[in-house]
Amino acid sequence: MSRILSGHSRIPFRIAGSAIIAGCQLLAAERLIPTIRYDSVAIWLANGTAKAMVAAAIVFVIVSWTRRAELLHALNATSSRSNVAVAGAFNLTAFAFLLVCRSALADPSTAFEWSYAYAFALAALGVSLIFVAAPLSFWRQLAARWRAELALALPIGTIVAHATALSEAGWDRLSAATLYLAYGILAVIEDRAHMELDTRILGARDFSVQVFAPCSGYEGMALIAAFLTTYIWVFRHSLRFPNILLLLPIGMVTIWLLNGLRIALLVVIGAHYSPEIALDGFHSQFGWISFLLVAISMMIVTQRMPFFSLTAASAGQSATTAPSSAKPGTSLANDPVIMYLAPFMALMAAQILTKSFAPNEQALYPVKVLAVLLPVYVYREAYARLLTGVPWFSIGVGVAVAVAWIATDPGSTTEGGLAAWLDGLATPALMAWLALRAIGTIVMVPIAEELAFRGYLYRVLISSRFETVDFKTFGWMALIVSSMLFGLMHDRWIAAALAGCVYALLMNRSGRLTDAVASHMTTNAVIFFWAVAAGQWSLL
C-alpha cells in the first residue's frame, strides 16, 4: 500500500482534490435550490438519483475497504492529467448552467419548463463528477472486478438516500405490516383477537392497543443495524466480505419479527392478566430481550461460521488436517464466550423478567440473585482461578468512585417508589430483602458485569480470539466502546461510563480481572451501605 501511494501520489491527490471541488459544487447546488411549490417528476428523479449515487459511493468505499490497495492501483494505472482537465471543464460548465436554472426556477411562470433543464444540468454535474474521479477505463474495470461490492452499494445507497421519504411515508406502511404480523400471531394464540386497520387498533377481549409508527419496529431495526455496522467495522479484519453484510438485512428482519411477537404477547398479557404489567413493564423490556438475543446470537454465529468468519474458516481447515488423536471441539461447558457471558446474560434475563412486572418488580429482586448465582456456581472453579488475590489499591479506588457517585446523585433530595415500598414491609421481610439486595448488589452484579464488559467485551474489541488477549493489553477503542456500553446499562450513563473506564484501567494496570471486580464490589458496597444508613434510596 505504501509503495502504491509513494510511486503514484501526484495523480491520485489531484484527482481527489478535483472530486472534492465537484462534490462541494454539488452540495452548493443542492442548498441553492429554492423551495419548489409545484410537482416536478424531473427534479425529484434528478435529486434522488444524485443523492443515491453519493450514498452508494460511500457505501462502496466501506464494503470494498479490504481491497483498497487494489482499487487505488487500478485508479493510478488508468488516470491521466488530460482526463482531469477535460472532466473539470465539463464540470464547471454544468455547474454554471445549474445556477442559471436555479434562477429560472425561482420564477413560478417559467419554473415548470426550467425544471427539466435543471434535471439535465444536475445529471451532467453528476456525470462530470464521475469522470473527474476516474476515466471510463477505470469504471469498466470496476464493473468487472467489483461486482459483488457494487451489487451491495447501489441498492443500499438508494435506500439511504431516500431515508427521509421512507421516514415520512414508509413508516406508515411499516406500521401496517407490523399490525398484520402481530394480528397473525395473536390470532393463533387468542381466539377473540380483533384488528382495525384504519385506526391501527389491535386487541383481544376488552384490551386493545394502537400500532402506529413508534410501534412499527423501526427503532429496533435502526438499533440492530447500528450495532451490526459497528461490529462489522471493528472485526473487519477477521470477517469475510461481502458475505458478512448479509447480517444487516437478516438482523433487521429478525428484530422486526420479534417486535410483532412483542405486540401480540402484550395484548395477551393485557387481556388475560394485567394491563399495567403489559404496558408499564413488558412493553419496553421485551424490546431489550429481542435486541440482546439478536445481537449476541449473531456475534456467536458469525465467529463460528466459515461463511462469515475468516478465523472460523482457518480453524475448520486446521481441524480437518489435525491427527485423529486430537481432542474433540470445545464443549459448551468449556466455551470461554459462555463462561464470561453466562452470568451477565442471566442477570439481563432476570432484569427484564422482573421489570416486566412493574410496578411490583422490587419484590422479585431475589430472582436476580438466584439467576446470577446459578452460572456462577456452574463455573465456580474457573472463576476461582481467574479471580485471586486482594488488590488493596483497587479497593481504595473503588471507595473513591463510590464517594464521587454518591456526591453527584441527582436524586439525593427526593424519595422514590422504592422508599414507599420498603416502608410497607414488615421488619423481618425488610431485613431479608436488604440481605438479598446486598448479595446481589455487592457480589453478583459486579462479577456478572466485569466478566462481560472487561473480561469479554473489552478484549473481544481487540481480537476476536479474546481469550488470547492479556488483561494488560490497552486499546483506545476497547476502552471507549466497552465503557460506553457499560454506561448505557445504567440510568446515570455518563458517570457509569467513567466508572467503567476506571475499572478497565485498573485491569490494565495489574493484568488481572480481579482488580476490576474488587473495585466494582467496593464501589457497590459503599453505595449500598450509605443508601441504607442515610435513607438515600435513589442510589439503589
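In helix α15 (residues 365–378), the buried residues are Tyr365, Lys368, Val369, Val372, Pro375 and Val376. They share one side of α15, because they span an arc of only 140 degrees around the axis. This is a predicted model.

**Around helix α15**
- An α-helix has 3.6 residues a turn, so residues three or four places apart point the same way.
- Leu370, Leu374, Tyr377 and Val378 are exposed, on the other side of α15.
- The cover over the buried residues of α15 includes α14 (336–355), α16 (380–386) and α19.

**The nonpolar cores**
- The largest nonpolar core holds 93 residues. Within this core, Tyr340, Tyr456 and Leu513 touch the most other members.
- Helix α19 (residues 427–460) contributes the most to this core, giving 15 residues.
- Another core, of 21 residues, lies apart from the largest one. Its members include Val209, Val211, Ile263 and Leu266.

**Contacts of Tyr340**
- Setting aside neighbours within four places in sequence, Tyr340 is in contact with Leu386, Leu451, Ala452, Gly455, Tyr456, Arg459, Phe466, Phe471 and Leu513.

**The chain as a whole**
- The chain has 540 residues, and 43% of them are buried.
- Its secondary structure comprises 22 helices and 3 strands.
- Take the contacts between residues at least 6 apart in sequence: 73% of these join residues at least 24 apart.
- The accessible surface is about 27,900 Å². Carbon and sulfur atoms account for 68% of that surface.

How values were computed
Residues are numbered from 1 along each chain as its sequence is written. This is a predicted model: local features need pLDDT of at least 70, side-chain atom pairs count only at pLDDT 80 or more; totals for chains, interfaces and linings use all residues. Side-chain values use heavy atoms; hydrogens and water are left out. A nonpolar core is a set of buried Ala, Val, Leu, Ile, Met, Phe, Trp, Tyr and Cys residues joined through side-chain atoms within 4.5 Å. Buried means under 20% relative accessible area, exposed over 50%, partly exposed in between (1.4 Å probe, protein chains only). Helices (H or I, at least four residues) and strands (E, at least two) are DSSP runs, numbered from the N terminus. Contact means heavy atoms within 4.5 Å. Accessible areas come from the Shrake-Rupley method with a 1.4 Å probe; for residues, only the protein chains shown count as cover. The arc is that of the directions from the helix axis to the C-beta atoms.
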